[in-house]
Amino acid sequence: MRARTPEQDVIYFVLPDRFENGDTANDKGGLKGDRLATGFDPSDKAFYHGGDLKGLTEKLDYIQGLGATAIWVGPVFKNKPVQGAKGQESAGYHGYWITDFTQVDPHLGTNADFKAMVDAAHARGMKVYMDIIVNHTADVIRYKEDAAQGYPYRSKAAYPFSTRGGVNGPAINPGFAGDDDPAPANWAKLTDPSFAYTPVIPKGEEHVKVPAWLNDPIYYHNRGNTDWKGESAQYGDFVGLDDLATEDPRVVEGMIAIYGEWIDKYGVDGFRIDTAKHVNPAFWRRFVPAMQARAKARGIPNFHIFGEVAQDDYDPALLASWTRNAGLPAVLDFSFMWAVVDAVSGQKGTGELARLGDDDALYQGGKQAAMRLPTFLGNHDAGRIAMFIEKAHPGIAPDELLARDELAHAMLLTLRGVPTIYSGDEQGFAGTGGDQLARQDMFPSKTALYEAETQVGTQATPAQDNFDTHHPLYRLIARLSAVRRATPALTDGETKLRASSDRPGLFAVSRFDPESGREVVLAFNTSTQPLSAPLEVEVRSRAFTTLAGAACPAAATAPGSIAVTLPPLGFTVCAANP
């Protein structure tokens, strides 16, 4: 069953710390002291809450019942428990502040617990995707210079590799030809990392990173904090996190060795790559083929690699550039997310959704490759789909909020791409923003901010256990996932646009079975008024069966045309009869 191609999967994304607590003995990660020592404080949204890998394993029935066939697990590596300036501390519960790339974070369990989870998923025919990071490590390196200015980014032009502390400083690193030359002999000449700032390692943390080579500041950019623009997006520290010099061949080989071991030992089925756009494209052109070869040697079919190229609007050209220039096989489809958010919130028409089919030609491999892009409605960084809808409609009625949320999930589960559900969305989690405001607990929360939230489609709150298989969103997702699995047109089929509008209303496409050519018509009403409209179909499509949603017309009104009727914020999935 793991031989499924990526486009045939439905992915469920989990942050283990916020999912289920299967072992309270590891809540503090084996550490002693207060929350600033252990990182554990379930009352604070910025600290560990107790979820772990044993809890995730215990809930595989729940995930599989939703229709998910692959689990994307947030980073499981050992993190720095707490970091941040005094009074602004937070914990590494999310997994993105790695110190040891070879070990599971003790707050989440052990390497054996991870293996048990992967094996249990595989026994069910489910895949496991690891969330990995190569851009940075935890914030360990400090700078000798005065911190009063917050360490603003220092560019390569003003602070070249050849001088210490700026263009007028003393000469260092003689013979280094710059970081565009990947030759190991060139990088051997870079011996002094103090070209911009002077890096120092705090006492007691000299050997905290594993593998040991990661403790040497020479393997980092050491140029201060990124301002997210231009050169600094690649070379700057990500909010203080130590930014690896991924141009250095030693770093490339080191990361290949690290993540190749996780493939070899645990047989994972793919990688989601964090902060992919903050790494130089040449790194990915080395790393991706190496991981694919490692997976092939391990006998893992269809190893799925997809990178995070975050964006805050519809911009498929940016996403596609990373498949062409960096060789990433796929990227998280932020453009799909924003197109659906705009459509179902009623802020725009469906023009961006209509563009997807044409813009898919931009990706390396074209429209066929675009079908492997993981699609989603919101995430742990940007926020949840229900939150976006609520912000667009302050005071929205509960029934309308649920209907818009269901419409969004109908699009996610039937349009092209690999549907990705963020845990909690199926329980109506909304939140009030992104990042920590969108990282609610699935098990009973002790965080007052989360406890006070209302959820879509239920009277429950995050203060309760939220594994309700009768929740209307859970049932809708499970039903549409089953339809998707049974309908090749919805996993592998090409798309033809049928209707769209520059205002809320009808959006429709046809998808086609790649073997039989059987047409499946998808129609969505993004307005709050019922609609009836003629819709073009293939001439050969004469009679239809309803697969999901509102009732389909039993037969074409004329060769090449059907009459579609949809309720407010409704949808239908209509399959032409063989």
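Me: Which elements do the buried residues of α11 pack against?
Reply: In this predicted model, the buried residues of α11 pack against the helices α9 (316–324), α10 (334–344) and α14 (398–414), and also against the strands β14 (495–499) and β15 (506–512). The helix α11 itself covers residues 351–359, and its buried residues are Glu352, Leu353, Ala354, Leu356 and Asp359.

Me: Which residues of α13 are buried, and what do they pack against?
Reply: In α13 the buried residues are Ile385, Ala386, Met387, Phe388 and Ile389, and they pack against α10 and α14.

Me: How should I read the packing of α10 with α13?
Reply: Two packed helices are described by the angle between their axes and by the distance between those axes. Here α10 and α13 (residues 385–392) pack at an angle of about 40 degrees, with their axes 9 Å apart, and that angle makes α10 oblique to α13. The crossing in which α10 passes α13 is right-handed. On the α10 side the residues are Met337, Trp338, Val341 and Val344, and they meet Ile385, Phe388 and Ile389 in α13. The residues of this contact divide into seven nonpolar, no polar and no charged.

Me: At what angle do α7 and α8 pack, and how are their contact residues divided?
Reply: Helix α7 (residues 249–266) and helix α8 (residues 281–298) pack at an angle of about 25 degrees, with their axes 10 Å apart. An angle under 35 degrees counts as roughly parallel, and α7 and α8 are therefore roughly parallel to each other. As α7 passes α8, the crossing is right-handed, and the residues of the contact divide into 13 nonpolar, one polar and seven charged.

Me: How many disulfides does the structure hold, and which residues form a disulfide?
Reply: A disulfide is a covalent bond between the sulfur atoms of two cysteines. The structure holds one disulfide, formed by Cys552 and Cys574, whose sulfur atoms are 2.0 Å apart. The torsion about the S-S bond of Cys552 and Cys574 is about -100 degrees, so the disulfide is left-handed. The pair links distant parts of the chain, since Cys552 is in the loop between β18 (544–549) and β19 (561–566) while Cys574 is in strand β20 (residues 571–576), 22 residues apart.

Me: Are Cys552 and Cys574 buried or exposed?
Reply: Buried means under 20% relative accessible area. Cys552 has a relative accessible area of 13% and is therefore buried, and Cys574, with a relative accessible area of 1%, is buried as well.

Me: Which residues have a positive phi although they are not glycines, and where do they lie?
Reply: One of them is Asn173, with a positive phi of about 50 degrees; Asn173 lies in the loop between β8 (142–143) and α5 (184–187) and is buried, with a relative accessible area of 4%. Another is Thr275, where phi is positive at about 45 degrees; Thr275 is found in the loop between β10 (270–273) and α8, and at 4% relative accessibility Thr275 counts as buried.

Me: Which residues does a cis peptide bond join?
Reply: A cis peptide bond joins Val210 and Pro211, with omega about 0 degrees, and Pro211 lies in the loop between β9 (199–200) and α6 (232–235).

Me: Which residues does Lys59 touch, not counting residues up to four places away in sequence?
Reply: With those neighbours not counted, Lys59 touches Phe19, Glu20 and Phe467. Lys59 has its place in the loop between α2 (53–58) and α3 (60–65). Although Lys59 and Glu20 are 39 residues apart along the chain, their C-alpha atoms are separated by 7.7 Å.

Definitions and conventions. Residues are numbered from 1 along each chain as its sequence is written. This is a predicted model: local features need pLDDT of at least 70, side-chain atom pairs count only at pLDDT 80 or more; totals for chains, interfaces and linings use all residues. Side-chain values use heavy atoms; hydrogens and water are left out. Axes are lines fitted to C-alpha atoms, for helices over the stretch in contact, and angles run from 0 to 180 degrees between N-to-C directions. Helices (H or I, at least four residues) and strands (E, at least two) are DSSP runs, numbered from the N terminus. Angles under 35 degrees count as roughly parallel, over 145 as roughly antiparallel, 65 to 115 as roughly perpendicular and the rest as oblique. A crossing is left-handed if the near helix is turned anticlockwise from the far one by less than a right angle, and right-handed if clockwise. Ala, Val, Leu, Ile, Met, Phe, Trp, Tyr, Cys and Pro count as nonpolar, Asp, Glu, Lys and Arg as charged, and the others, Gly among them, as polar. Buried means under 20% relative accessible area, exposed over 50%, partly exposed in between (1.4 Å probe, protein chains only). Contact means heavy atoms within 4.5 Å. A disulfide is a pair of cysteine sulfur atoms within 2.5 Å.
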